Each structure stands twice: as structure tokens, then as C-alpha cells.
Amino acid sequence: SGAARAFRALEAHGVRAGLWPMIGDDEGRWASSATLSAYTAYVDAVTSGLVEQGVPPREIAFDLEPPFLAAKAASHGAVAGPVRTAMRLRGAFAEAHASLARTVERLGAEVEISCAAVPLVLLDGHDRGAPFYQSLLGTPVDGVAFGAVSIMAYTSMLEGWSRGLLDRRASLGVLGECARLAKARYGARASLSLGTVGTGAFHDEPIYRDPRELAEDVAMARAFGVDDLTLFDLGGVVRRAPAEAWLDAFTTDAAAPTSLPRRVALGSAFLRGFGRFLGRP
């Protein structure tokens with residue numbers, strides 16, 4: 001298959017190859033309470049095929065996000081549809097959490113399993129009962145044995161989709177808060193996904209202005225203790241040549257502030273309190 005050929009070519013050049021599976025957009029694209037059965041079946045099928053062809057993946061990354069159409073609608077300002085979807089996701093959360101935990105435990109016996117997750121999961125408390133934001137998004141993270149949890153802290157999207165609420169400095173501050181909370185919550189498993197260099201699934205995501213912004217993001221993440229970083233995405237790096245400028249920015253050792261804008265810290269505290277209040281058992 002094409003995947004097997006790609007894996008062989010990468011391995012031949014010493015590149016560690018992993019899977020970042022996605023199902024069809026009409027099926028929901030990402031893993032969530034609404035899509036987990038189809039998503040897991042796809043992961044199993046692709047993984048089995050690669051194993052049979054002698055090129056097992058080194059890592060499988062579960063992309064935990066709400067279903068594609070609801071997420072796209074929310075990113076463009078819709079409210080009613082995404083709220084209805086969130087209610088359905090919350091109702092199916094307990095079963096999905098148990099199923100995902102079993103799947104990760106099973107696959108994790110053979111391969112490293114990580115996940116990408118939405119920043120709101122960091123604001124959940126540790127009280128008994130379903131975590132408010134994780135259940136609302138349909139994305140079980142806590143209590144699942146992921147080897148790494150990569151929070152998608154895309155500053156270009158935070159700024160571009162905030163409709164003026166967050167400027168570049170405040171968006172950078174949100175990234176710092178994500179790094180701080182991820183480190184506190186997940187310890188050595190904490191990771192951050194940075195971006196974006198090029199557009200993604202929606203084809204209109206706000207992107208970095210230049211490599212300098214990526215360098216600032218890397219420095220901020222490291223200043224708050226997170227060194228395991230993922231860059232979204234390679235396609236954007238290639239299209240926005242020279243690629244070396246982006247790769248150099250991604251490996252920067254620049255200094256970053258270790259304090260956050262006041263409105264970022266206050267907003268984070270408010271959202272944590274809001275989630276804990278509404279999510280109490």
C-alpha cells in the first residue's frame with residue numbers, strides 16, 4: 001500500500017514514522033464520543049495492514065476533537081448546532097471514555113500511543129464525575145493511558161478567531177498558560193502542538209505571519225516547562241519556502257517572558273471555576 005511504501009522510505013532514512021489517523025469528514029474526521037467506534041475500527045485496520053507488511057508504526061496519535069461539521073461551524077461563529085452536538089457528546093461520554101481507555105491499553109502493548117487535545121481540557125477539575133469540558137467536547141483524555149498529551153495551542157487561530165478579543169501578545173499569553181497547565185496536569189507527558197504554518201482541515205484557518213511568531217511560540221512553551229513540541233504542519237512549511245526558516249524557528253533557544261498578561265490569567269481562572277461549578281456531581 002501507499003502507507004507501507006511511505007513508512008519503508010522514512011525508516012530507510014532513519015525517520016521515526018507514526019500514524020495520525022483521520023476518518024472521512026462526513027464521519028466526523030476526529031476521535032470523539034460520537035465517532036469513536038468508526039475511528040477505532042479505522043485505526044485497527046490501518047495498523048493491522050502495516051504490521052502485515054512488516055512496517056508497524058512506531059506511534060499512533062489519537063486526534064481528539066469534536067465532530068468535523070460541529071467544529072467547523074463553531075469556528076465560524078455558529079452556536080445552536082455546536083451546542084446541540086455538545087449535549088449529545090456529553091451524554092455518550094462515559095461509554096466513550098471506557099471504550100477509548102480499553103483501546104489505548106490494548107494498542108499500547110505494542111506501540112506508543114499519544115493524543116492531540118483541545119486546550120479546554122486543561123481547565124477541568126479533578127473532582128469525581130465526568131470532567132465538564134472533556135465531556136462537552138466528547139474528548140476523553142484524563143484516565144486514558146496516553147504516553148503524551150499534546151495540547152493544540154495554535155496562537156494564529158486563537159488570535160484570528162477571537163474576533164478582536166485576543167491580540168498577538170494575549171494569544172502568546174494563552175499559549176504560556178496552556179504550557180503551565182499542561183505541565184502541572186500531565187507532568188512528563190505534557191506536550192504542545194504549535195501553529196499554524198499552513199491551513200488545515202477547514203482550509204481557512206488563520207496562519208502565522210512569519211517564522212518569527214513560531215520562534216516566539218517555541219520560546220514561550222519552553223519557558224513554562226514544555227519541551228515536547230509538534231509543529232503543524234509540514235505541508236505549510238514546504239509551501240511557504242524557505243523551509244529552513246521555519247525549521248530554524250522551531251529549534252530556537254530564544255528567551256521568553258515567564259509572566260502572563262493579566263487578562264489571560266483572569267480568563268483562565270474564570271473558565272476553570274465555571275467548569276468546576278457546572279461539572280460538579
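**Entry 1: salt bridges.** I count a salt bridge when a side-chain nitrogen of Lys or Arg lies within 4 Å of a carboxyl oxygen of Asp or Glu. By this rule I get 14 salt bridges. Before going on, I note that this is a predicted model, where local features need pLDDT of at least 70, side-chain atom pairs count only at pLDDT 80 or more, and totals for chains, interfaces and linings use all residues. Residues are numbered from 1 along each chain as its sequence is written, and side-chain values use heavy atoms, with hydrogens and water left out.

I looked at Glu59 and Arg16, whose side chains meet in a salt bridge at 3.0 Å, N to O. This pair links distant parts of the chain: Glu59 is in strand β1 (residues 59-63) and Arg16 in the loop between α1 (2-12) and α2 (36-52), 43 residues apart. My helices (H or I, at least four residues) and strands (E, at least two) are DSSP runs, numbered from the N terminus.

For exposure I use relative accessible area: buried is under 20%, exposed is over 50%, and partly exposed is in between (1.4 Å probe, protein chains only). Glu59 is buried at 19%, while Arg16 is partly exposed at 45%.

Next came Arg29 and Asp25, joined by a salt bridge at 2.7 Å, N to O. Arg29 is buried at 19%, and Asp25 is partly exposed at 30%.

I also found Arg209 bridged to Glu213, with the closest N and O atoms 2.5 Å apart. Glu213 is buried, with a relative accessible area of 3%. Salt bridges with shared partners join Arg168, Asp210, Arg212, Glu216 and Asp217 into one network.

**Entry 2: strand β4.** Is β4 enclosed or open? Six of its six residues are buried, so β4 is largely enclosed by the rest of the structure. Ala190, Leu192 and Leu194 point one way from the strand, and Ser191, Ser193 and Gly195 point the other way.

I call two strands paired if DSSP finds at least two bridges between them. β4 pairs in the parallel sense with β3 (residues 148-152) over four bridges, and Ile151 has Leu192 as its bridge partner in β4. β4 and β5 also pair in the parallel sense over four bridges, with Leu192 opposite Leu229 in β5.

**Entry 3: the nonpolar core.** For me a nonpolar core is a set of buried Ala, Val, Leu, Ile, Met, Phe, Trp, Tyr and Cys residues joined through side-chain atoms within 4.5 Å. Which members of the largest core touch the most others? Of its 68 residues, they are Phe62, Phe146, Ile151, Leu192, Leu194 and Leu214. Helix α8 (residues 168-186) gives the largest share of this core, nine residues. Apart from it I found another core of five residues, among them Trp30, Phe68, Ala71 and Phe202.

**Entry 4: helix α11.** In α11 (residues 243-250) I found Trp246, Ala249 and Phe250 buried. These three cover an arc of only 100 degrees around the axis (taken from the directions from the helix axis to the C-beta atoms), which puts them on the same side of α11. Exposed Glu244 and Asp248 sit on the face turned away from the buried side. Through contacts (heavy atoms within 4.5 Å), what covers the buried residues of α11 includes β4 (190-195), α9 (211-223), β5 (229-232) and α10 (234-239).
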